[in-house]
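Subject: Structure handover

Hi,

Here is the structure I promised to pass on. Please open it first, then read my notes below.

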Amino acid sequence: MAVRLRLARSDLAVAVAAVAAGQQRLDAEQAEAGQMIRDQYQQQNNLLPVAVLLDPHSTENVQTRLQWSTTLFDSTQAQIDRLTVLQRQLNAARIRQTELKAKVATARREAAANLKLKKSLEGRAAAEEATVAQLVRQRKTAEDEAATDVAQDKARYAQLTKERASVERRIAARIAKAAAERKRAAERAAAQRKRAAEHKAGAARRSHSASKHTHRSRHTGGSTSSAGHGFSFPVAARITSPFGMRFHPVLHYWKLHDGTDFGAGCGTPIRAAHAGRVAERYYNAGYGNRLMIDHGYFGGRYVTTGYNHASRYIVRVGQRVREGQIIGYVGTTGFSTGCHLHLMVWINGRLRNPMTWF
């Protein structure tokens with residue numbers, strides 16, 4: 001647009017100069033023609049033929065005077081013709097000048113409109129560039145936050161895995177201790193039976209009675225259970241997340257959800273799933289407030305239940321609790337996204353799906 005405007009302005013300048021030059025030439029020719037016509041008028045009149053005839057010395061110059069008059073007339077006509085041509089050229093130059101002025105005006109309007117459009121587009125481009133830059137910053141922030149979340153999730157899962165292993169070791173130690181106590185109890189019972197048998201070896205009826213006492217002793221030292229193990233749910237709430245492996249959509253690996261979540265509101269009473277003894281009570285960064293109850297042997301299997309994320313517990317370590325007794329209240333402590341109870345079950349010190357036992 002700028003080049004077109006410059007060219008139009010250059011052409012217009014040439015046209016303006018041509019008009020000025022043509023006007024100057026025309027003015028000069030008109031002045032010269034006017035002077036010639038004035039001279040002719042002054043020199044030619046109606047008495048010229050009479051003067052020629054009466055002048056005794058003029059007869060010999062008549063032919064010369066007539067030729068001069070004819071030449072003067074021809075020159076005047078040629079001058080008029082040139083004036084006509086110059087006038088036509090000047091008119092054409094003026095028309096050209098007018099056309100070029102219109103062209104320049106059009107080019108100027110187009111250039112102005114183009115400049116306005118360019119500025120508008122530049123403004124839009126700047127705004128869009130700013131928007132893109134903002135989106136890039138937002139994306140970078142989101143990526144950084146996601147990376148932080150991923151790192152935190154990995155660290156938390158590592159902590160939970162480490163905590164699970166530690167709990168299993170402690171339960172295994174308690175199981176070993178319980179097994180040793182059972183063994184010592186069995187040995188004491190066997191010794192008592194042996195002494196009783198020796199004292200009553202002479203009486204068959206008393207020996208038969210001792211045999212029945214021994215049979216009953218084999219069923220002591222642990223709780224019995226029904227086909228459903230006799231355990232009850234610690235809270236009356238729906239299950240919001242079951243036990244099992246989960247695929248993490250960001251980290252792209254499988255993670256174990258090591259318990260069953262019950263969607264109970266904060267403050268809901270938590271009840272012991274079965275009678276037993278409180279084995280542990282402490283706070284963990286991942287599980288929040290934790291409580292574990294050892295329930296002893298059921299069908300030869302040692303059972304432990306764990307309660308997590310509680311707001312608080314109202315029983316102490318070593319305390320014996322009965323089934324259904326309130327032991328604490330639902331909360332959202334530790335790595336928790338809301339109020340719920342995270343119930344865990346260990347069978348012989350190994351983590352199991354709680355719903356296979358309840």
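Start at R174, which is buried with a relative accessible area of 16%. Keep in mind that this is a predicted model. R174 forms a salt bridge with D294, and the closest N and O atoms are 2.5 Å apart. The two ends come from distant parts of the chain: R174 sits in helix α3, D294 in strand β7, and 120 residues separate them. D294 is buried as well, at 4% relative accessible area. The pair belongs to a wider set. Salt bridges with shared partners connect E163, R170, R174, E280, R290 and D294 into one network.

**Other salt bridges**

The count comes to eight salt bridges. Side chains of opposite charge can pair when their charged atoms come close. Two more pairs deserve a look.

- D258 and R164: the closest N and O atoms are 3.0 Å apart. D258 is in the loop between β3 (254–257) and β4, while R164 is in helix α3, 94 residues away. Both residues are buried.
- E110 and R4: the side chains meet in a salt bridge at 3.1 Å, N to O. E110 lies in helix α3 (residues 62–199) and R4 in helix α1 (residues 2–43), so this bridge ties together parts 106 residues apart in sequence. E110 is partly exposed, with a relative accessible area of 32%. R4 is partly exposed too, at 49%.

**Overall picture**

The protein has 358 residues, and 30% of them count as buried. Its secondary structure comes to four helices and 13 strands. The accessible surface is about 22800 Å², with 56% of that belonging to carbon and sulfur atoms. Take the contacts with a separation of 6 or more: residues 24 or more positions apart account for 69% of them.

**Nonpolar cores**

Which residues have the most contacts inside the largest nonpolar core? They are I270, Y307 and I327, in a core of 25 residues. The elements that give two or more residues to this core are β7 (288–298), β8 (301–310) and β12. The largest share, four residues, comes from β12. There is also a second, separate core of 12 residues, which includes V167, I171, M292 and W346.

Leaving aside neighbours within four places in sequence, I327 is in contact with I270, R271, A272, L291, I293, Y307, Y313, I314, V315 and V321.

**Disulfide**

The count here is one disulfide. It joins C266 to C339, with an S to S distance of 1.8 Å. The link of C266 and C339 is left-handed, with -90 degrees about the S-S bond. Where do the two cysteines sit? C266 is in the loop between β4 (260–262) and β5 (269–271), and C339 is in the loop between β11 (326–329) and β12 (341–347). They are 73 residues apart, so the pair links distant parts of the chain.

C266 counts as partly exposed at 42% relative accessibility. C339 is also partly exposed, with a relative accessible area of 32%.

**Backbone**

Most residues other than glycine have a negative phi. Two residues here go the other way.

- H309 has a positive phi, near 70 degrees, and is not a glycine. H309 is found in strand β8. At 5% relative accessibility, H309 counts as buried.
- N348 also has a positive phi, of about 55 degrees, without being a glycine. N348 lies in the loop between β12 and β13 (350–352). N348 is partly exposed, with a relative accessible area of 40%.

**Surface patch**

One last item. M245, F247 and W254 form a nonpolar patch on the surface. Together they have about 360 Å² of accessible area. F247 is found in strand β2 (residues 244–247). F247 is partly exposed, at 43% relative accessible area.

Best wishes

Definitions and conventions:
Residues numbered from 1 in each chain as written. Predicted model: local features only at pLDDT ≥ 70, side-chain atom pairs only at ≥ 80, totals over all residues. Heavy atoms only, no water. Disulfide = S-S within 2.5 Å. Buried < 20%, exposed > 50% of the residue type's maximum accessible area, 1.4 Å probe, protein only. Patch = residues over 30% accessible without salt bridge, like charges linked within 9 Å, V, L, I, M, F, W, Y side chains within 5 Å. Areas by Shrake-Rupley, 256 points an atom, 1.4 Å probe, with all protein chains shown as cover. Salt bridge = Lys/Arg side-chain N within 4 Å of Asp/Glu carboxyl O. Contact = heavy atoms within 4.5 Å. Core = buried A, V, L, I, M, F, W, Y, C linked by side-chain atoms within 4.5 Å.
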